[in-house]
Amino acid sequence: MRYAKPNTAAEASALLRQETGITRILAGGTDVMVQLKAGLVEPDLIVDIKHIGGLRDITPEAGGFRIGAAVSGAELGAHAGVVGLWPGVVEGFELIGSTQVQGRATMAGNLCNGSPAADSVPGLVAANAVARICGPSGERDCPIQDIPVAPGRISLAKGEFITSILLPGRPERSGDAYLRFIPRTEMDIAVAAAAVSLTLDKAGKVVAARVVLGAVAPTVKLVGPAADAILGTSLDDAALAALAAACSAACSPIDDKRGTIVFRTEVAGVLAKRAALIAYKRAGGQK
Amino acid sequence: MALDSNNKRVFKVVGTRPPRPDGIEKVTGRALYGADVSAPGMLVGRILRSPHAHAAILSIDTSAAEALAGVKAVITAQDFAVQDDSALRDVQENCMARGKVLYDGHAVAAVAALTPAIAKAALKLIKVTYKALPHVTDVDVAMRPDAPVVQAGRSFENVPAGMAENVTSQCEFGHGDLAAGFAAAALIVERSFTTAAVHQGYIEPQACLASMTADGKADLWCCTQGQYHVRALCAALLGMEASQLRVTASEIGGGFGGKTTVFIEPVALALSRKSGKPVKIVMTRDEVFKATGPTVSSSIDVKIGMTKDGRITAGEAHLRYSGGAFHCGTIDMGAQAAFAAYDLQAVRTLGWNVLTNRPKEVAYRAPGAPQAIYAVESVVDELCQKLGLDPLDVRLKNAARKGTKSSYGPTFDDIGLMATLEAAKAHPHYTAPLAPGQGRGLSAGFWFNFGGNTCVSLNINTDGTVGITEGNPDIGGSRAAISQMAAEELGIPYEKVRTIIADTSSLGHNDITDGSRVTFAVGLATIKAAQDAIQKMCARVATLWEIDAEAVVWEDGCAKPSGPNAGQFPPMTLAEIAAISFNTGGPIAGHHEFNADGAGVSFGVHLVDVEVDRETGATKVLRYTVFQDAGKAVHPSYVEGQMQGGAVQGIGWALNEEYIYGEDGRLQNAGFLDYRVPVASDLPNIETVILEIPNPGHPYGVRGVGETPIVPPLAALSNAVSRAIGLRMNRLPMSPPRILAALSAKR
Amino acid sequence: MVAVTIWGSLRAFTDGRAQVEVEARNFKELLDVLAQTYPGLKPQITRGVSLALDGRIYREAWFTKIRSDSEVVLMPYMAGG
Amino acid sequence: MKTIHVATEVNGDNVEFVCAPDESLLDVLRNRLGLTGVKEGCGTGDCGACSVTLNGRLVCSCLVLGAEVEGATIGTIEGMARADVLHPLQQSFIDHAALQCGICTPGILVAAKALLDKNPDPTDTELRYWLAGNLCRCTGYDKIIHAVQDAAKKMRTV
């Protein structure tokens with residue numbers, strides 16, 4: 001195994017493209033190091049992207065923020081601007097692992113690990129966030145929801161890696177929230193998860209919504225019918241019940257050591273309901 | 001001495017909370033644990049493990065591994081002698097499989113190499129040809145006549161004909177007329193329960209450093225609860241004489257019973273013997289879960305009858321335990337402990353140990369008792385609920401007390417159960433209001449506690465300080481407690497005493513740190529060693545004063561004339577006597593060696609409040625109080641620590657911890673991530689109430705306290721959850737999917 | 001003579017009796033006489049037994065004295081964590 | 001595998017070492033620099049026993065490559081006491097019996113100090129969540145929480 005720490009994105013991309021063996025990108029390392037320890041992967045090349053200019057920056061852009069791919073959870077959580085605009089995205093990210101893991105983990109890493117249970121991804125998809133990807137043919141932008149394709153697999157081509165994620169600006173009276181279910185209070189992988197992002201009109205009715213589920217399908221799942229269930233409502237009980245039902249209907253989970261199909265299906269709806277209420281409150285809605 | 005049994009002894013040091021002697025080393029990172037020592041020229045040992053739950057080993061080809069540059073030794077079971085003794089044979093075969101692998105993670109070969117990378121590469125070059133065999137991991141399935149046979153011919157003579165071959169032993173306890181008892185009951189409740197295997201979860205993985213020289217002498221450094229036991233097992237497995245093997249116990253990063261046997265130590269010694277170099281083996285966490293010992297898993301039926309006013313008329317339990325692929329006697333303990341908290345006219349327990357394709361069970365805090373008492377205390381609680389009775393009143397009404405013929409046979413002497421129950425009843429926790437959705441549960445718990453073989457030396461240094469050499473690894477502050485008892489007995493300040501733990505060559509045999517025995521038995525030996533030294537010091541002083549030795553007494557750390565008739569002499573302090581010891585006959589030391597008896601049984605009662613999220617099945621522990629009889633708490637902080645730590649391990653067992661097996665018989669969650677021990681944010685403060693009902697078998701009244709606290713949480717949590725959701729839970733762990741499924745079934 | 005209470009599963013080897021009378025002054029004599037009188041108990045005695053004498057448990061101590069009025073209960077060999 | 005030369009700062013001292021490219025910082029600290037106060041409980045970031053600070057941030061050293069720490073500043077348990085004067089947290093752990101076996105203690109002390117450095121007056125809940133990544137199997141956490149809070153109180157009044 002070789003370890004490289006390029007100073008530019010182009011250099012990193014070239015290293016990744018030229019390596020014929022197995023490559024891994026190292027940002028926070030909180031997944032890669034576990035895979036190394038478990039012997040799940042024996043990379044020929046590890047590319048540490050933390051020394052690439054700009055990758056540790058959080059920059060305002062178009063009313064939103066561009067988050068460098070090497071920004072850790074602890075750094076993002078300390079950024080008042082991002083926390084104020086996209087609290088649901090930040091809380092999802094901050095739920096990953098321990099304080100120690102937060103000191104290193106990155107959203108781009110969480111995304112590229114390809115886990116359907118990745119805590120930061122539902123919030124990013126709900127936020128319509130866009131990844132900027134550097135590759136052999138230059139830069140391209142890609143919506144977050146198009147990056148995971150299957151458990152452990154992502155759509156990036158050889159030589160490509162994410163350099164930043166753009167969290168867009170958003171209208172007034174908007175809010176988002178993320179909830180996951182774990183058996184303990186910390187340190188677990190999500191058994192089911194839901195992110196809700198919504199915008200209200202002055203009367204407190206939902207005029208735009210995105211509902212995304214985690215850990216209940218091979219990839220995170222944007223659930224259109226769930227958003228439709230709350231559009232035009234003030235999250236009355238009937239709307240919430242419809243939201244929960246739509247979420248449960250969209251689940252196609254597995255039985256495993258972390259939870260059962262029945263449990264995940266039912267709890268996904270419960271979490272969506274609860275997350276919607278938090279997002280609603282954050283958007284200024286009165287309940 | 002004025003004998004007034006109503007006057008409790010007034011202690012000066014015992015009962016105080018001095019700093020532990022190893023404190024600074026441990027808070028500065030200087031303390032040396034199993035993996036923290038190295039030797040010049042040391043090799044790295046690694047173990048190859050079975051990917052199968054059950055398979056015949058057709059062949060093992062180690063030639064490619066041996067040929068790899070940097071590999072210095074490769075071993076298999078062929079490098080260990082075949083043992084005649086069945087217990088030793090099990091230990092050997094658990095350390096290194098012979099002929100068959102019996103569980104996922106079972107060791108099949110090991111290498112010693114220059115670096116971890118070479119060792120890892122070498123493991124990949126060992127070719128093992130397996131023939132997969134049908135496996136069984138569930139205790140109830142393993143009892144069926146058609147179940148795959150884990151090991152044939154292992155049944156004891158007490159197993160009735162016709163039972164499945166996996167059943168290795170049967171036991172039965174109890175007394176009285178069950179039929180008459182049940183006939184007298186107003187209500188009989190009969191329920192079945194299961195508990196999952198759980199791991200001790202010590203944070204320090206097993207680690208050792210072995211160094212054997214060509215003349216067959218060896219040194220072994222390892223983290224263990226019993227260096228003498230390690231010596232005995234390793235010497236037998238390697239065909240060594242005990243005197244040639246010196247075992248030093250490192251500081252130990254948790255054991256809870258799990259470090260009472262050997263796994264890697266004989267392997268490291270065999271690799272060192274073969275390579276001629278020191279070899280260090282450190283287990284990974286994955287290996288710890290897969291290949292060291294968890295508890296038994298269990299399946300239990302309980303039937304209890306009660307009168308309308310809450311008198312238990314009869315109790316019966318059938319217990320099926322599986323301690324993995326080898327025989328284990330834990331069922332005997334569970335079947336004896338099940339009804340120990342009750343004064344019963346009619347009681348019967350029947351138990352079986354069953355083989356399954358799982359790692360060999362190793363003791364975990366009060367081994368066997370938590371499962372059995374969980375089942376009994378759950379049924380008692382259900383009876384109370386159905387009869388509209390207060391669960392504490394019912395327990396008070398039926399509690400075992402002095403003079404009760406215990407469910408396992410002997411008659412109890414002074415025990416603290418009544419006092420513990422009364423303390424729980426008087427505590428504000430018991431009457432604090434509960435909100436809707438919340439539930440309160442309680443359970444009693446019991447453990448036998450042991451004494452055992454113990455050996456202590458106590459040296460009076462010439463500067464008036466005292467050194468104690470004992471042989472039991474200190475897991476939770478026992479060096480402090482032992483120093484306290486020595487200081488108390490000698491009448492000197494705690495700071496003047498230093499206790500160290502000897503290697504196997506420096507002190508005679510000591511049983512393992514187990515059975516909650518150390519503060520009791522080593523403490524007792526220390527007191528007696530101090531008395532031995534005192535006697536010698538009094539004799540020296542008598543010679544100096546030219547009076548009879550009997551005319552000198554020891555008080556407040558000084559030798560004094562026993563009375564006016566003995567003569568007028570100013571008292572001599574220990575330091576003064578020590579200073580002239582070379583002139584009065586040489587060094588002064590006290591010793592005591594014995595097989596300690598008189599360990600008093602221990603009872604505890606736990607109270608817990610929980611809140612259950614009915615939409616997700618998640619349980620939150622809101623409040624927790626532990627009441628326990630410590631006999632006499634030598635260092636109350638560490639007694640509280642045992643009570644709190646045991647309670648939290650029990651909470652983990654009740655709510656989330658379990659060994660999860662796939663269809664393929666492989667362990668699915670061999671890591672802290674998915675094994676789910678409680679983390680700090682899961683828990684409230686754990687309040688403690690120490691009762692002190694002196695143990696008549698110890699001069700200070702000390703009882704063991706370490707194991708009992710893990711017993712009550714299982715039923716306390718189950719009863720609390722059951723009351724919170726209005727449904728009786730009967731399966732551990734009560735993980736959220738199980739609680740939600742129970743609630744859904746009700747809807 | 002001392003009355004020894006044995007545990008249930010050993011009754012198969014003592015003609016069904018839960019309590020047997022033996023002539024013994026200490027633990028060792030007790031075990032020897034039991035093994036002699038009821039050979040079926042031998043395997044368990046070899047594996048290990050504990051002795052509860054007036055409520056106090058002894059694991060190996062052969063020369064523990066037994067009085068004729070002592071409460072004597074045979075138990076399996078105890079192990080802890 | 002070609003080893004990598006790394007110059008870094010550990011507990012205020014400049015140190016240099018060579019390591020394999022796939023070697024964790026934990027292995028470097030323990031095996032190459034002799035800092036065995038940093039413990040390995042899992043090697044996968046689940047137990048916190050290997051907690052150190054890296055450029056002022058609390059991390060699990062098992063999840064960091066040795067090769068990554070060129071030019072970094074690292075703090076371990078060995079650097080917490082000043083000569084023979086214990087840090088108030090260390091003293092408090094002894095006074096409150098907040099350790100039994102002590103294997104988790106170095107990681108918990110490093111983690112607790114990192115919290116108090118940024119929040120001198122945490123609530124019990126904040127403290128419990130901050131320490132959720134530090135497993136302790138002996139104490140049930142109760143005395144650890146009390147010890148940290150008592151140390152925090154003393155540190156605030158100095």
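This is a predicted model: local features need pLDDT of at least 70, side-chain atom pairs count only at pLDDT 80 or more; totals for chains, interfaces and linings use all residues.
Residues are numbered from 1 along each chain as its sequence is written, and chains are lettered from A in the order in which they are written. Local features need pLDDT of at least 70, side-chain atom pairs count only at pLDDT 80 or more, totals for chains, interfaces and linings use all residues, and side-chain values use heavy atoms, with hydrogens and water left out.

**Chain pairs**

Four pairs of chains are in contact, and chains B and D share the most contacts among them; contact here means heavy atoms within 4.5 Å. Chain A and chain C are not joined by any contact, and their closest C-alpha atoms lie 27 Å apart. Chain C and chain D likewise do not touch, with nearest C-alpha atoms 14 Å apart.

The table sets out two interfaces. Buried area is the accessible area (1.4 Å probe) that two parts lose on being put together, summed over both. A salt bridge is a side-chain nitrogen of Lys or Arg within 4 Å of a carboxyl oxygen of Asp or Glu.

| Interface | Area buried | Salt bridges |
|---|---|---|
| Chain B and chain D | about 3,600 Å² | four salt bridges |
| Chain D and chain A | about 2,200 Å² | three salt bridges |

**Chain B and chain D**

In this interface, 50 residues of chain B are in contact with 39 residues of chain D. Carbon and sulfur atoms give 58% of the buried area. B:Val27, B:Ile203 and B:Ala680 supply 19% of the area that chain B buries against chain D, more than any other three residues.

One of the salt bridges joins B:Asp36 to D:Arg30, with the closest N and O atoms 2.7 Å apart. There are also 26 residue pairs in polar contact between chain B and chain D, both residues being at pLDDT 80 or more. A polar contact is a pair of N or O atoms within 3.5 Å; within protein, one must be able to donate a hydrogen and the other to accept it, and residues adjacent in sequence count only if both atoms are side-chain atoms.

On the side of chain B that touches chain D, the largest share, nine residues, comes from α19(B). Helices are DSSP runs (H or I, at least four residues) and strands likewise (E, at least two), numbered from the N terminus. That side of chain B divides into 26 nonpolar, 17 polar and seven charged residues. Ala, Val, Leu, Ile, Met, Phe, Trp, Tyr, Cys and Pro count as nonpolar, Asp, Glu, Lys and Arg as charged, and the others, Gly among them, as polar.

**Chain D and chain A**

Here the contact takes 31 residues from chain D and 28 residues from chain A.

**The largest cavity**

A cavity is a set of points, on a 1 Å grid over the protein atoms alone, where a 1.4 Å probe fits but cannot get out; lining residues have an atom within 4 Å of a point. The largest cavity has a volume of about 550 Å³, volume being the space filled by probe spheres set on the points. Its lining has 34 residues, of which B:Gly476, B:Ser516, B:Thr519, B:Gln642 and B:Gly706 lie nearest the centre. The largest share of the lining, three residues, comes from α19(B).

Definitions and conventions:
On a 1 Å grid over the protein atoms alone, a cavity is a set of points where a 1.4 Å probe fits but cannot get out, and a pocket is an open set with protein on both sides within 12 Å along at least five of seven lines; lining residues have an atom within 4 Å of a point.
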